[in-house]
Amino acid sequence: MTELSQSNTASRSLAAERARKVKAGLRRRHMTEKIFRGLGIAAIVAALGFVALLFTDVLSKGIPAFTQANLHLEVAYDPAIIKLTPAPVREVGQSDAGFEQANLKWRSSLVLLNWNKVLEVAMRKSAPADYDIDTRQLLTIPETNARHILRERYVEDPGLLGKTISIDLVASANVDNWVKGNIDRDLPDAQQQLGADARALTDFFAENGTLTKDFATGIFTNVDSRAAPASAGLAGAFMGSVYMMLVVIILAVPIGVASAIYLEEFAKKSRLTDIIEVNINNLAAVPSIVFGLLGAAVFINFFHLPISAPLVGGMVLTLMTLPTIIIATRAALQSVSPALRQAALGLGASRTQMVFHHVLPVTFPSILTATIIGVAQALGETAPLLLIGMNAFVASVPASPLDQATALPVQIFLWNGNENRNFFEARTSAAIMVLLGLMILLNAIAIFLRTRLERRA
Amino acid sequence: MKALSFASAAVIALAAFGTTAAIARDTIQIAGSSTVLPFASIVAEEFGASYPEFNTPVVGSGGTGGGLKQFCEGVGENTIDIADASRPIKDKERAACEENGVTDIREIQFGFDGIVFASEATGPDFSLTPVQIYKAIAAKVPVDGKLVDNPYTNWNQIDASLPDQTIALAIPGSNHGTREVFQERVVSAGAEEAGLPEGLSEEEKAAAETTLRQDVVVEISGDYTETLARLKSNPDTVGVFGLSFYDQNKDTLKVATIDGVVPSNDTVAAGEYPVSRPLYFYIKGQHIGTIPGIEEYVNFFLSDMMSGSGGTLEAAGLIPQPEDKTAQVLAAFEAAAN
């Protein structure tokens, strides 16, 4: 009895001791968990904070750029100012080339006419009667390409001579800055970009409705411009990016998927395939600027492909995207159940049939996702493009992947370097918004396709 | 399978497309000085708008040195046709050109640009002289006839008329032509005036003129917006800009006078403002006739409407050169063709 009670008390005290230890340990463990959770939440809050900061900065700067000051003018195509020979009419028996020649000559003669005078007359008509402003200052209000726009209208329809039509013109970048308050309105004359008369007239135009702030369609439809910064747009850069992405898809998907299938399904495991695998993984970690150097040395200097061309840009980005696609495809192939393979082989399918009829369709969603994510990455890549001449100023929409072009991220870089800071700070942010929008769209498509196709499979 | 064969067909088509088009480029390709870039881009755009038969030329950046390097890579479709430069081509570059077969190089001078020193608009006024700038940035300066480590930390220690502000300068990197003009017209001229000690060898003299203090001088290899950003982050900085850049940003910048002269189109054109330089572009003569529109581009660039006084480029900040200089340049260009 006594022994028993003794051992009982002993074991009880032992148990109490253990419970105390456990409790003490438990407190510590709870504490560590709490600390870890706290840190985790802090990390997420910090990350979200940075994203929020970035977005508010970009949005607050960029959104105003989507509206722009426009002038609505009544333009008279006055024959007294526009003195010219009539547009060539095709003569009987004239060859195509001959007519084209005559037409070009006529259009060249139009360039030499004083379109600024036409513009000036229209501007003065909207200004208060006898408003005293010299011509030079007056012409700082519309963007400098206004005269080309008036001329182009006329080339399209030579019947305009002697008529008055209303035309919407973009106001100059400095007027846009003034109207939006991007430049401090209280600065003295010497620090202002617009003359005092031009500023007063701009305010008058804004009041009488000649000048309004409208949605800036030009951002999407125009090409980049330095002569007329207010009309600078993303159309050229957008098409350049589209061509590059097409090249990337056409080259990277077949090459990447084919090499992944070969390595995973056909190649015997050997030292050589190990080396290849290690190198593919290494390739994925190579900084993108190295690919740019490689592209400049190989594609341009050795293969003599054109500089600044989306074809070369696309090829460089393909090198960058390939590892992403190969690695993702291999992972997808590895995750296919061996039962599927064995069943196909057991029913007498050849290896090729097994891969292309049974295994590949199952992995399709993952390959597609990898491709879209790879392309989205390539879309945002800037550094390698700078080395193959794609940071040039290109004032036309590329008609083929071989024409000189620039790309959306490069356009952001270029606009960020423009001298007219007041105007281009907003434009740059607007371009960032367009690029981010495209990225989000591509990623959303990837997620949508994946969930949809996975459900079907 | 079908998708694969379609894709490979597309690749082959694309490659074939590539080789044929590489033979016939019909757009003028330009690269070089970032000072010339805005002017060249404006002319390119206007050229495209005015000549319906030609494409709009493509203008790249990369600094004078970078542009001339590309220019001298050789003759052919995948090399550029025109290099923009904010200084004349060097003999070394000419030799590199010739080595690669670029033998017909034609120089076109089209106007002037001023180099200005500017600081934050809210800061104090600066009226500088080359010798003061030299004393601010050189690693070793002459004191009592001996070269000593630069002792100055604030501007007013150099000259009592200058503000009591920490010395900090943002100057263009060595890839910019502006840097050479800055070195020659400001630093070396300042060193001369400051009077380097007697008995220095040529090398020691050159080193005294070109070695800058790394702690107060920041070299900017990008464009002027980078210099501007530097001024924003450290408002004590005095930055080196092109006159045209300052013109576009005078709401945030305050310009310093040099030798008491305020930089402006008038003072540069009159030769009163000391730190100005002519601007150039170089034509690869061997490409004339192969790439359409080069001659027309040159004539258009030098026309009164573009680089003449009252022309489009003057409004963008170029300082026009005298008309007879333009006529002389054009005559030389045409003479080289024959």
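Over how many bridges do strand 1 and strand 3 of chain A pair, and in which sense? Select residues 67-76 of chain A, which are strand 1: the pairing with strand 3 of chain A is antiparallel and runs over 5 bridges. Strands here are DSSP runs of E of at least two residues, helices are runs of H or I of at least four residues, and both are numbered from the N terminus. Two strands count as paired if DSSP finds at least two bridges between them.

Before going on, note that this is a predicted model, in which local features need pLDDT of at least 70 and side-chain atom pairs count only at pLDDT 80 or more, while totals for chains, interfaces and linings use all residues. Residues are numbered from 1 along each chain as its sequence is written, and chains are lettered from A and ligands numbered from 1 in the order in which they are written.

**The sheet in chain A**

**Domains of chain A**

Colour chain A by domain: domain 1 covers 2-63, domain 2 covers 66-229 and domain 3 covers 235-456. These bounds come from an automatic or database domain assignment. The C-alpha centres of domain 1 and domain 3 of chain A are 43 Å apart.

**Annotated spans**

Next select residues 238-446 of chain A, where UniProt (unreviewed entry) places "domain: ABC transmembrane type-1". UniProt positions follow the numbering used here, feature names are shortened, and annotations may be inferred rather than shown by experiment. This span is 77% helix and 0% strand, with 21 Å between its end C-alpha atoms.

The same record lists "transmembrane region" at several spans of chain A, including 35-55 and 283-305. Residues 35-55 of chain A are 100% helix, with end C-alpha atoms 30 Å apart. Residues 283-305 of chain A are 74% helix, and their end C-alpha atoms lie 24 Å apart.

Select helix 9 (235-266) and helix 12 (residues 310-334) of chain A; the two pack at about 35 degrees with axes 6 Å apart. Axes are lines fitted to C-alpha atoms, for helices over the stretch in contact, and angles run from 0 to 180 degrees between N-to-C directions. The residues of this contact are 20 nonpolar, 9 polar and 3 charged. Ala, Val, Leu, Ile, Met, Phe, Trp, Tyr, Cys and Pro count as nonpolar, Asp, Glu, Lys and Arg as charged, and the others, Gly among them, as polar.

**Where chain A meets chain B**

Display both chains: 38 residues of chain A and 46 residues of chain B take part in the contact. Residues are in contact if their C-beta atoms, placed from the backbone, lie within 7 Å. On the chain A side, helix 2 (96-111) and helix 9 each supply at least two residues. That side has 20 nonpolar, 13 polar and 5 charged residues.

**Chain B**

Finish with chain B, coloured as domain 1 (2-113 + 278-337) and domain 2 (114-276). Their C-alpha centres lie 32 Å apart. In the contact between them, domain 1 of chain B gives 17 residues and domain 2 of chain B gives 16. On the domain 1 side, helix 3 (63-71) and strand 4 (105-120) of chain B give two or more residues each, and the largest share, 4 residues, is that of helix 3.

Notes:
Two residues are in contact if their C-beta atoms, placed from the backbone, lie within 7 Å.
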